[in-house]
Amino acid sequence: MIVRKFSASKLKHLLPLSVFTHSSTNLSLSPFSSNPISKTLNPNPHFLFSHSKLRPFSSSQSKPSLPFTRDGNFDETLSQSLFICPGCGVQMQDSDPVQPGYFIKPSEKDPNYRSRIDRRPVAEEPEISDSLKKGLLVEDENPNPNPNPNLVEKPVVCARCHSLRHYGKVKDPTVENLLPEFDFEHTVGRRLVSTSGTRSVVLMVVDASDFDGSFPKRVAKMVSATIDENYTAWKMGKSGNVPRVVLVVTKIDLLPSSLSPTRFEHWVRQRAREGGANKLTSVHLVSSVRDWGLKNLIDDIVQLAGRRGNVWAIGAQNAGKSTLINSIGKHAGGKLTHLTEAPVPGTTLGIVRVEGVLTGAAKLFDTPGLLNPHQITTRLTGEEQKLVHVSKELKPRTYRIKAGHSVHIAGLARLDVEELSVDTVYITVWASPYLPLHMGKTENACTMVEDHFGRQLQPPIGERRVKELGKWERKEFRVSGTSWDSSSVDVAVAGLGWFAVGLKGEAVLGIWTYDGVDLILRNSLLPHRSQNFEVAGFTVSKIVSKADQASNKSGQSQKRRKSSDPKAAAHSLPSPLTANAG
């Protein structure tokens, strides 16, 4: 009788909450089913849910995990049955907000929703027009024309892309851990090494400000070996699909404008050969932000792909692939779906087939960024990555120091000048301007970790993060130079920046960073240095000033406690016996 008289909302307060909970496979009572009230009111637990108006009130339902892949929509037959996010390539679903690819379908709008306002000036005529007096009413044949017919309708994207586009951050980073790891060899690699099929063009995208850290060595070696094998088969008259490799160096607007393009391209080709890419078809230096070099790149891609080729954009996380493809689409003039771009590693989660760029049946694919575990940025939090991220043109910060001195880049790397064949050496730091630096004696470097890491030297942000980043390790480099006027060699820290060393002689350097982070010795990329030298101590930055203010406040508060506490003040005063002992 109670069930008949009361609604479900009232029964919720009368019955235990466990009565209304159920799983996706079996409806049952809670373990507390021995409750006499629940037995009396609900002898049959299936009865309550057999009625269409009664729903379970518990939100903690056990939902089956959805099968997700990172293959995206490169396969046209599968993409027709799956709903793929056009921003990041993840499979979309609207059933579980804690699973990857969740989206909310927008409600249908009325045709007059936010109708266009007629801003034409009112004609100079009486309050009641002559046409209205005659009973004639002239209406616009097209009252709500589309002001921009070429404008592409905004596509529905997943909640993650929406958060990145509008707020610049991922709302729930833990959701991405539920996705399987992107298998490059299985998804893309096997198509590149195939001897049959359409022609493959590999766009190898590398970040100019972190060339060695973002260079995909594994892909470069695999594609180079495939070119050798397939070219040999082609010469023997067999089927041989020889991939074309186009090296695209993005973000060149972050490098100083004084750098010679010819010298930079020669440097890039040398570093690419040492990284395993010894079969380059062409090299393009571009800036997606300032549209430098995009026209020549598009012409080259269209010519290499032909009418049926596949173009694969491949690169490390946050190398700028999606931003590059968006810029290419604007220049191509097609109705291109805007890919999600943000200064967050791993923005693209699945393969995205980009339409409207290439001619004929040729296709362009954006692929998920390759994870380089030896980049220091993979260990940093979102706030720490913002400090390391280079968003403006790099400026040199130069020290002139002697042996026995050290230079810190935040709490992430340190250079020790251990031995010199000359009196001094020039050390130029090329890194994000938001990172504080410190120069001092090497004998005091050990205390820097305890006293200043996580405070004046950030990142890491906070003392707890120092231990989380790993063990602090040293690697030795013996370098030599032939000129005082320019830097001779660089020691790059993957994902961070580099130290440029200028000297006329020899030196032994000790580079410290966290274990597992790549340290690369190479020819100098930017040989010039700053004309104004940095001084000893901390560089002027907001991080250092805030840390100093915090330490000053804590010191003043401790003094107030001692002055207000007579016992502490008595302990701080010297004993008469101690005072007279001298």
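This note comments on the chain as a whole, its cavities and one of its helices.

1. Basis of the model. The model is predicted, so local features need pLDDT of at least 70 and side-chain atom pairs count only at pLDDT 80 or more, while totals for chains, interfaces and linings use all residues. Residues are numbered from 1 along each chain as its sequence is written, and side-chain values use heavy atoms, with hydrogens and water left out.

2. Overall content. The chain contains 19 helices and 17 strands; these are DSSP runs numbered from the N terminus, helices being H or I with at least four residues and strands E with at least two. Of its 582 residues, 44% are buried, a term that means under 20% relative accessible area with a 1.4 Å probe and protein chains only, whereas exposed means over 50% and partly exposed lies in between.

3. Contacts. Among contacts in the chain with a separation of 6 or more, 73% join residues 24 or more positions apart. A contact here means heavy atoms within 4.5 Å.

4. Cavities. The structure has 4 cavities of 30 Å³ or more. A cavity is a set of points, on a 1 Å grid over the protein atoms alone, where a 1.4 Å probe fits but cannot get out, and its lining residues have an atom within 4 Å of a point. Grid points are joined across faces, edges and corners, and a volume is the space filled by probe spheres set on the points.

5. The largest cavity. This cavity holds about 360 Å³ of space. Its lining has 25 residues, and D207, D210, N318, T377 and G495 lie nearest its centre. The elements giving two or more residues to this lining are α14 (382-388), β10 (424-431) and β14 (497-502).

6. The second largest cavity. About 40 Å³ of space lies here. The lining includes D210, F211, W498 and R522. At least two lining residues come from each of α9 (211-214), β13 (489-493) and β14.

7. Helix α7. Which residues of α7 are buried? In this helix (residues 159-167), they are R160, C161, S163 and L164. Seen down the axis of α7, these buried residues fall within an arc of 160 degrees, so they line one face of the helix; the arc is that of the directions from the helix axis to the C-beta atoms. An α-helix has 3.6 residues a turn, so residues three or four places apart point the same way. H166 and Y167 are exposed on the other side of α7. After α7 comes G168, whose phi is positive, near 70 degrees.

Notes: On a 1 Å grid over the protein atoms alone, a cavity is a set of points where a 1.4 Å probe fits but cannot get out, and a pocket is an open set with protein on both sides within 12 Å along at least five of seven lines; lining residues have an atom within 4 Å of a point.
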